[in-house]
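My entries follow the display.

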Amino acid sequence: MACRYFNSLQSECFPICFHSDVNMVISAPTGSGKTVLFELCILRLLSRFISTEGRLIHVKGSLKTIYAAPSKALVQEKLRDWNKKFGPWGINCLELTGDNESYTSRNVQEADIILTTPEKFDAVSRHGIESGGLSFFSDIALLLIDEVHLLNDPRGAALEAIVSRIKIIACNPKMKSNPLAQVRFLAVSATIPNVEDLAKWLDVPDQGIKRFGEEMRPVKLTTKVFGYAPAKNDFLFEKRLQNYIFDILMQYSRGKSALIFCSTRKGAQEAAQRLSQIVMTFGQSNPFIKNREQQDRLREASLSCSDKQMQSYILYGVGYHNGGLCLKDRNIVEGLFLKGDIQVLCTTNTLAHGINLPAHTVVIKSTQHFNKEKGLYMEYDRSTILQVHLYENLLNGCEVVESQ
């Protein structure tokens, strides 16, 4: 649904986004409308192609926008959205992720908006330096960084690397007459306390720093924390938690959409399997199926799925989503969840990184994840949820973002 008016966050940021080339950092809750700010900056850049007669005289790839997001799923969501919005104007969007290896150097040269993950762009740009294939860098005029608070994660190092690389090359005297010399940075994040540190890193002046609190959250959060008796070891405890999910959904979801966050891909798959097994025993009274029409749509979608296990889970209104699924299956599952045909989606934290799949209820299964390098279960880096004050920090934007 298109909105006719900007919300208060968008209205406050509009003059700087669209009527200036100032670097910006915006800290605001999830769902507060930050994507529009990216689009305003893109439109500001594209306005350079408008002639004095008011015609758009577009030169392919000559003013590039780089959009960096932490997950392929988020990149692909933005790609679909921006192809619809900018494609009719002849603006060329290109995905640079592990899911798209078919691009050529010409595709990169002609792209107006390159949508990528920090790891992929880091690899592409490092290889380009070694092979002399970085000529497109001089055309970069705008860098959009989504979910910049993920600098806190171990993967944040790749984001630091690409920003540093762009800044260093932009300072090269040879770039003086190229768009890169005046490259603009726009970074958005969830609510964090040290937004000034990010601003200093990205050379953001005071007028470009915008901080918004929980009053901007479109739906207020209600939080419940449940504790359960320990098992003999962390692995068994993780498995046991699957048995509690259904009862929690029955108590709090009330027949509405629910996301179950699991620490591993296998955990997400097993949680979906367990929920399917439980509702299978309900027969025609499956609480995740509302009517025959929904059942028919799920049956039809099931036949289109490549993943054999997913085929069976979908029939019960349950799905799972992780980076191991092929792009086609991910799109099918996301579409069914958005329509409400899949009521419960078990997923990994990939889906938490800004992708637009709204849910009534969110269950975080376990406070630990398995660290392959250390061979043991560890508390989540970003919040030790059992220590309730740290969990509140995560919700209320009190957790400081640090360089990795």
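I take axes as lines fitted to C-alpha atoms, for helices over the stretch in contact, and angles run from 0 to 180 degrees between N-to-C directions. Helices (H or I, at least four residues) and strands (E, at least two) are DSSP runs, numbered from the N terminus.

The model is predicted: local features need pLDDT of at least 70, side-chain atom pairs count only at pLDDT 80 or more, and totals for chains, interfaces and linings use all residues. Residues are numbered from 1 along each chain as its sequence is written, and side-chain values use heavy atoms, without hydrogens and water.

Entry one, α8 and α9. I found α8 (residues 234-252) packed on α9 (residues 265-280) at about 50 degrees, the axes being 10 Å apart.

I read an open sheet of seven strands, paired in parallel, in the order β3-β4-β2-β5-β6-β1-β7; pairing takes at least two DSSP bridges between two strands. β3 (93-96) and β7 (209-211) are at the edges with a single partner strand each, so one side of each has no neighbour in the sheet. From one strand to the next the twist averages 15 degrees.

I saw α1 (residues 8-19) lying across β1 (24-27), β6 and β7, at about 165 degrees to β1.

Technical notes: Contact = heavy atoms within 4.5 Å.
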